[in-house]
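Me: I am new to this one and would like a friendly tour. Could we take it a question at a time?

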Amino acid sequence: MNMDHESLMAFSSKLTSIVGGLAIIWTMFGQFISYELDHHLNPYDSFIIEEYAGERMNRHELYIASKAYLSDHCSRRASTCRIELGKDSDRFLVSIGEREVTDDFNGVKIWWHSSLHEPRPNPGSNRNVDEETRYYTLTFHKRHRQLVEGSYLRHVLKKGRAITVRNRQRRLFTNNPDARWTSYFTKTMWSHVAFHHPSTFETLAMDPVKKQEIINDLNEFRNGKEYYSRIGKAWKRGYLLYGPPGTGKSSMISAIANFLEYDIYDLELTTVKSNSELRKLFIETTGKSIIVIEDIDCSLDLTGKRKGSKSKEEEDKDNSAEEKKRKSGLIEEEKEKVTLSGLLNFIDGLWSACGEERILIFTTNHVEKLDPALIRTGRMDKHIEMSYCDFESFRVLAKNYLGIQSHDLYGTISKLLEEVKITPSDVAESLMCVGFSNADPRVYLEKLIKSLEKKKESEEPQKKDDIAEEVHENGNNGVKIANTCENGNNGGKWCGAKW
Ligand SMILES: Nc1ncnc2c1ncn2[C@@H]1O[C@H](COP(=O)(O)OP(=O)(O)OP(=O)(O)O)[C@@H](O)[C@H]1O
Ligand SMILES: [Mg+2]
């Protein structure tokens, strides 16, 4: 059978279109089949947890918690993990990298996989578009969907949050002067650095019974969430640390922060312009933190006006200049001040109940100068006196600085410490032996004895003068009336001091 050329061409084009049509039908059928198979036969479901969600600038909390959870999980169970050094810290960060890890929750298997999004322009977002972002895919059997969606994810969130708190690099914040935070670009009211202070309760020299009481109190506070809510009080606690310079008040704050693993907000009250600014600063602090106001007596006086370091004449001059400005309407009077009532409000007003788990610490060298309203119980729950160095405190310092528990010179030192007021800071100075790991402790103990004897000699004439003055004032023919509070052998403690 002979076909002419034209019929052949027509037949082949028909055949091509039939084959093409069949191919399209086949592809569609394949897709349909694969969808149906996937839908009915693939027994697994997946959830995706994005690092950044929507247009938000902050990382997704569930992602952060999952990362911490997986890091802990990896370091305990997975055979291969990615490990890197944390920013601003000596801690190692473990992550799953691009690998898949398996978790087991109540006998249910869950597979986690970490992946990377390609950087892509996102004009609506405030984040840097060149940044790579990650996401986790967790895969599980369909029949466990409810469990994963409910209790498993809650478990990951709770555990992850706790691990984040445990592993985080703690921070030391300080309030920015008003001029900096009002600018549009630096709206933050606090700046921070990584907090590394080696002071701990172990290195702190003080009466061991008092120390234990403080530790117990802190433990009760840390575990007291339910208790505080039951009694209807905000979950916060106030401590007043008082004592002469160099007795360890700042060291105590660091020891508390290290013990509780809290951040520190060091509030410089003299740069705060008004009560409302103080309130804003408070609102911007986070939970699990210690808010510190050092030398409270130098920051605010009893009438609520802030003090400067100026002389009386300078202050008078300033006051009259301010008075003139005020009269001409250049200064709005009380709006520009932090007042005592503003501070009291900061401590226990309505706003102070925002947030939770905060410790407030005031320090002072002059507890007697403080307004009783400021330090009454309930505002400052505990008054802790940091005092001159007694023998027990010396033993702690000798152990820290010289690595010794006892020495034949301890007897002499103990006797001298009963007679002389010396701060732990001065004792520490005598015991410092940087770089001499094999140094003979005797050298440093003798150095301390010399400085104690010198102090004793210099205090002697003063003591005689004091006695003479008392005898003169009392006019009782040479009968000495002992003032056990100021001069007695009570280690320089103030009368009526608590704790
Ligand atoms: N109780 C103490 N235990 C251990 N070290 C102490 C103690 N007191 C002081 N020191 C040592 O002296 C240094 C100064 O102490 P610290 O700054 O804690 O004193 P402070 O009471 O805060 O003084 P100030 O009132 O001047 O602020 C500390 O760095 C520490 O080395
Ligand atoms: Mg201090």
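Me: How many disulfides does a search of the whole structure find?
Reply: Happy to start there, and please keep in mind that this is a predicted model. A disulfide is a covalent bond between the sulfur atoms of two cysteines. For a pair to count here, the sulfur atoms must lie within 2.5 Å. Searching the whole structure on that basis, the number of disulfides found is zero.

Me: Is Cys-389 buried or exposed?
Reply: Its relative accessibility is 3%. Residues under 20% count as buried, so Cys-389 is classed as buried.

Me: And what does Cys-298 count as?
Reply: Cys-298 has a relative accessibility of 43%.

**The whole protein**

Me: How many helices and strands does the protein have?
Reply: Both kinds of element are present in this protein. The count is 16 helices and 13 strands.

Me: What percentage of the residues in the protein is buried?
Reply: The protein has 499 residues. Of these, the buried share is 35%.

Me: What share of the contacts with a separation of 6 or more comes from residues 24 or more positions apart?
Reply: Here we consider contacts in the protein whose separation is 6 or more. Within that set, residues 24 or more positions apart account for 71%.

Me: Why is H5 described as oblique to H7?
Reply: Helix H5 covers residues 208-222 and helix H7 covers residues 249-260; their axes come within 11 Å and cross at roughly 45°. Because of that angle, the term for H5 relative to H7 is oblique.

Me: Which residues of H7 make the contact with H5?
Reply: The crossing of these two helices is right-handed. On the H5 side, the contact uses Ile-214, Ile-215, Leu-218, Asn-219 and Arg-222. The contact residues divide into seven nonpolar, one polar and one charged. From H7 come Met-252, Ile-256, Phe-259 and Leu-260.

Me: How is H8 oriented to H11, roughly parallel or roughly antiparallel?
Reply: The axes of H8 (residues 275-283) and H11 (residues 340-348) come within 9 Å and cross at roughly 20°. Angles under 35 degrees fall in one class, so H8 is roughly parallel to H11.

Me: What classes of residue does the contact of H8 with H11 have?
Reply: H8 brings Asn-275, Leu-278, Arg-279 and Phe-282, while H11 brings Gly-342, Leu-343, Asn-345 and Phe-346. By class, that gives four nonpolar, three polar and one charged.

Key. Residues are numbered from 1 along each chain as its sequence is written. Chains are lettered from A and ligands numbered from 1 in the order in which they are written. This is a predicted model: local features need pLDDT of at least 70, side-chain atom pairs count only at pLDDT 80 or more; totals for chains, interfaces and linings use all residues. Side-chain values use heavy atoms; hydrogens and water are left out. Axes are lines fitted to C-alpha atoms, for helices over the stretch in contact, and angles run from 0 to 180 degrees between N-to-C directions. Helices (H or I, at least four residues) and strands (E, at least two) are DSSP runs, numbered from the N terminus. Angles under 35 degrees count as roughly parallel, over 145 as roughly antiparallel, 65 to 115 as roughly perpendicular and the rest as oblique. A crossing is left-handed if the near helix is turned anticlockwise from the far one by less than a right angle, and right-handed if clockwise. Contact means heavy atoms within 4.5 Å. Ala, Val, Leu, Ile, Met, Phe, Trp, Tyr, Cys and Pro count as nonpolar, Asp, Glu, Lys and Arg as charged, and the others, Gly among them, as polar. Buried means under 20% relative accessible area, exposed over 50%, partly exposed in between (1.4 Å probe, protein chains only).
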